[in-house]
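Reader: I have a protein chain to look at. Can you take me through it in short steps?

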Amino acid sequence: MRGLLASSIGVTCAAALALPLTSPAVAARPASPATVRPASGAEALGGTQSLPLTPLASRDRTLAPAAGEQGLARRDVRHFSLVGVIWDDPDTVLHGRVQVRTRAAGTDTWSGWQDLETHNDDAADPGTAERTSGRVRGATAPLWVGDSDGVEARVRAESDRRTEDTARGPRTATTGASLPAGLRLELVDPGESAPAPDERQAAAGAPHRGTALRSAPADEPAADRATLDASAANAGLAAPGAAEIPELNRKQTEQELFALRAGELTEQQRVKPYIGPRPRIVTRRGWGADERLRERKFVYTKKAKAVFVHHTASGGGYRCTQVPSLIRGIYRYHVESMGWRDIGYNFLVDKCGNIYEGRAGGVAKPVLGAHTLGFNTNSVGIAVLGSYGSTKPSAAAVKAVARLAAWKLGLHGVNPKGRTYLKSGGGNLYRKGTKVRLNVISGHRDGFATECPGRLLYRKLGSTRTTAARLQGR
């Protein structure tokens, strides 16, 4: 996508599918709609190779390297499946084109040049602890390329004389033929899965492909507690360590609403609780999250007043059986490469219609995400895996977004067809402190100057609102 205020390619948004089901009761059900398989604790946990980009030599060897062109010559590398480019300053815009070529693992087959989205403004709000941690970096969207062991990259600057006037003042931008400082190519091996606490000892000593940027804690019990905490955040919805939260019918969902929010419901909600049936949700355990990577604490906002729909801009070349791996790759890229506290999205949806838990803290709770710069407070970020600027989203994915929104908004008595006010935390469309009236179900582009969630997915939001309202019984 191409940013609306700059000449670079656009902003991104994120991704997902189902993994192995461990409970006998769950395993007895057909794995719908994707095929899943159990994960082994002895499987590799993955890692990231971070390679500096350097000025590319001119074809004319008598000339010096161009200042506005950097890259990485074709080379053999350890296995990876997800690729992105990062740079030092998260407030610097990369005006230019970023392309990679990759070689399928164990073959001599190279892909053609593939573009990476240069704007990646899914992020924590300005001034928050997550944004000002000193670890956050600028980044492209990640691109899923499948199991690969060779790579070549090039980054070419494009002149842009316009200035972005943001709520934080003029935003730093590359001009002329310059590029951001500290460009690095990130090659992410998502690994197979993260072992459960009782499997960690068996997994010790297993070979890791790649070099993790953040090492696992020496205190293994602490790592185990992070895994248990992530599972406990969904207490009452699923058994501890469950790979999925099962779907409920309307009556069951209403009973659960009374149990979860008994003292907070209005009289009208008690008489007529407008809420969609709870959909099936693959947990972090289900997609194999390594809880040692994220920050331990959970951060919450007050309520879910709005939903922002994103796409991950990671390409649509994934099979639904690969989605757990894809999500693990995005998770590792968000945390290790970009410096966020956890994966940015609250939920992810794949093209088969599977729904995945994103940022840890509990699917029924108002977890503060890092998905829509300036509007993360009191909102939910749902990312559809893929790129939808010129590709039509699947009917299954669109329906899954509506089902999830109907349930999540219903927990807080919010009408999916309505409008609401959110206060901007600062961005390139609205200055900090501005009260903005938005559709309850909005696209990323409604809160930030971007084409995310892609033209063809954005067109589906009207029918998504209608479907979600109907599912709530409105």
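Reader: How many helices and strands does the protein chain have?
Author: This is a predicted model, in which local features need pLDDT of at least 70, side-chain atom pairs count only at pLDDT 80 or more, and totals for chains, interfaces and linings use all residues. Residues are numbered from 1 along each chain as its sequence is written, and side-chain values use heavy atoms, without hydrogens and water. Helices (H or I, at least four residues) and strands (E, at least two) are DSSP runs, numbered from the N terminus. The protein chain has 10 helices and 19 strands.

Reader: What percentage of the residues count as buried?
Author: Buried means under 20% relative accessible area, exposed over 50%, partly exposed in between (1.4 Å probe, protein chains only). The protein chain has 474 residues, and the buried share is 58%.

Reader: Is Leu179 buried or exposed?
Author: Leu179 sits in the loop between β9 (169-171) and β10 (184-189). Its relative accessibility is 14%, so Leu179 counts as buried.

Reader: Which residue lies 22 residues from Leu179 along the chain, with C-alpha atoms separated by 6.0 Å?
Author: Sequence position and space are two separate things to check. The C-alpha atom 6.0 Å from that of Leu179, 22 residues apart along the chain, belongs to Ala157.

Reader: How far apart are the end C-alpha atoms of helix α8 (residues 395-410)?
Author: The expected span of a helix is 1.5 Å times one less than its number of residues. Helix α8 has 16 residues, so it should span 22 Å. The model agrees: the end C-alpha atoms are 22 Å apart.

Reader: How many residues of α8 are buried?
Author: Among them are Ala397, Trp407 and Lys408. Helix α8 is largely enclosed by the rest of the structure, because its buried residues number 12 of the 16.
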